[in-house]
Amino acid sequence: MARRPVPIRIKPRDLIQLGALLRRGVQQVRVVLRALALRQLAEGVTAPRVAQTLPLTSKAVRQIAHRYNNKGLEGALYDRQRPGPKQILDDSQKQRIVALVCSRPPEGRARWTVRLIAQEAVKRKLVPKVGRETIRILLQSHELKPWREKNVVRGRVE
């Protein structure tokens, strides 16, 4: 038993936009594939046949058609914006860690290392937990290199 074809009726204005998009220069591959799939669906080609001509599955082609019917051309071609991961450190924690780096290293150490900064930040309860990579990115964003003595500004105690 074959699936029913997805009822799709693409507006002439959207077909013009699809043509312009496909003639334009550099585009994301997924956007171009979705535009090609929509154009073929508008010509009456079934989803399995479109899936044979394009590197997409028939399920993906049907999803593109459903997204066009529900959300229009923009919704069918482009993905929604994603929020991304939440920040590990807030601004006050970042400031405290930068201040820690600008202070003298612990007794018995000549300089700060990324690993040592991460351990000391947790030990001094500046942050509940933090990884080396987070510290490395923070230092890089502030252009700090604590392993270079001349790079870190420290107040002199006399």
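R136 is partly exposed, with a relative accessible area of 36%. Here, buried means under 20% relative accessible area, exposed means over 50%, and partly exposed lies in between (1.4 Å probe, protein chains only). R136 sits in helix α7, which covers residues 132-141. V114 is 22 residues away from R136 in sequence. In space, the two C-alpha atoms are 6.3 Å apart.

The structure is a predicted model, in which local features need pLDDT of at least 70, side-chain atom pairs count only at pLDDT 80 or more, and totals for chains, interfaces and linings use all residues. Residues are numbered from 1 along each chain as its sequence is written, and side-chain values use heavy atoms, with hydrogens and water left out.

The protein chain holds seven helices and zero strands. Helices (H or I, at least four residues) and strands (E, at least two) are DSSP runs, numbered from the N terminus. The order from that end is α-α-α-α-α-α-α.

The radius of gyration of the protein chain is 28 Å, whereas a compact globule of 158 residues would have one near 15 Å. This radius is taken over C-alpha atoms, and the globule rule is 2.2 Å times the number of residues to the power 0.38. Along the principal axes, the C-alpha atoms fill a box of roughly 85 × 35 × 25 Å. Of the 158 residues, 34% count as buried. Contacts (heavy atoms within 4.5 Å) were also sorted by separation. Among those with a separation of 6 or more, 52% join residues 24 or more positions apart.

Helix α2 spans residues 29-42, 14 residues in total. From its first C-alpha to its last, α2 reaches 20 Å, close to the 20 Å expected at 1.5 Å a residue. The expected span is 1.5 Å times one less than the number of residues. Buried residues of α2 are V31, L33, R34, A35, A37, L38, Q40 and L41. An α-helix has 3.6 residues a turn, so residues three or four places apart point the same way. The cover over the buried residues of α2 includes α1 (12-23), α3 (47-53) and α4 (58-77). Just after α2, G44 adopts a positive phi of about 95 degrees.

Helix α1 contains D14. D14 counts as buried because its relative accessibility is 5%. Leaving aside neighbours within four places in sequence, D14 is in contact with Y68 and L73.
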